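User: I would like to go through the charged side chains of this model with you. Could we begin with how they are linked?

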Amino acid sequence: MDMDQREQLNQRLVGLFNRLLQQEEQALAPVARDLSLREIHCIEQVCAAGGMSTMGELAERLGITLGTLTVSVNRLEFKGYVRRRRDTRDRRIVRLMPTDKAVATDRLHQAFHRGMVDDISRHLSEAELERLLDMLGSIERYFQRRAGEQEHKHGC
């Protein structure tokens, strides 16, 4: 890869990432002005679990520490997006429940992603879509390797 291609690839990756975040924030602004994207993704996972997630399970799915999640959940609880509820069988276990406000936010978030995927895929042939999925898989594996290297480096 020459320097021009390297720079183009970098610009495209950074540009795509920044535009995706910007578009996502704009799409969710009507119902989620008080939320960060990290909090929105936390809400997404709480809703997906249907109130069955423990803090540890949720932290693992989000790839963050329990301490970081606790800060986010405290904020989300204060803002009225999640509730903590003790497990009926084992009172030591606390489950996270989405509120109606969280469910509405998650629906809008899911609609944003469906619209994005539908619009992008509508303009691609089947072969182009397969190639795009392969390329995105390569990029994802790069980030997974980097995350593993960081965990190993920091003794996690």
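User: Which residues are linked in a network of salt bridges?
Analyst: E39, R75 and K79 form that network. Please note that the model is predicted.

User: What is the N to O distance between K79 and E39?
Analyst: Their side chains meet in a salt bridge at 3.0 Å, N to O.

User: Where in the chain do the two partners sit?
Analyst: K79 belongs to helix 4, residues 66-79, whereas E39 belongs to helix 2. The two are 40 residues apart, and the pair thus links distant parts of the chain.

User: Is E39 buried or exposed?
Analyst: E39 is buried, because its relative accessibility is 2%, which is under the 20% cut-off. K79 has 22% relative accessibility and therefore counts as partly exposed.

User: Why can such side chains pair at all?
Analyst: In general, side chains of opposite charge can pair when their charged atoms come close.

User: How many salt bridges does the structure hold?
Analyst: The structure holds six salt bridges. Among them is one between E77 and R84, with the closest N and O atoms 2.4 Å apart.

User: How accessible are E77 and R84?
Analyst: E77 has a relative accessibility of 33% and so counts as partly exposed. R84, at 31%, is also partly exposed.

User: And which residue does D119 meet in a salt bridge?
Analyst: D119 meets R122, side chain to side chain, at 3.3 Å from N to O.

User: How many residues apart are D119 and R122 in helix 5?
Analyst: They are three residues apart in that helix, which spans residues 100-122, so about one helical turn separates them.

User: What about the accessibility of D119 and R122?
Analyst: D119 is partly exposed, with 38% relative accessibility. R122 has a relative accessible area of 56% and is therefore exposed, the cut-off for that class being over 50%.

User: Changing topic: where is Q45 found?
Analyst: Q45 lies in helix 2, which covers residues 37-49.

User: With which side chain does Q45 make a polar contact?
Analyst: The side chain of Q45 makes a polar contact with the side chain of R61, at 2.9 Å.

Terms used:
Residues numbered from 1 in each chain as written. Predicted model: local features only at pLDDT ≥ 70, side-chain atom pairs only at ≥ 80, totals over all residues. Heavy atoms only, no water. Helix = DSSP H or I, 4+ residues; strand = E, 2+ residues; numbered from the N terminus. Polar contact = N/O pair within 3.5 Å; in protein donor to acceptor, adjacent residues only side chain to side chain. Salt bridge = Lys/Arg side-chain N within 4 Å of Asp/Glu carboxyl O. Buried < 20%, exposed > 50% of the residue type's maximum accessible area, 1.4 Å probe, protein only.
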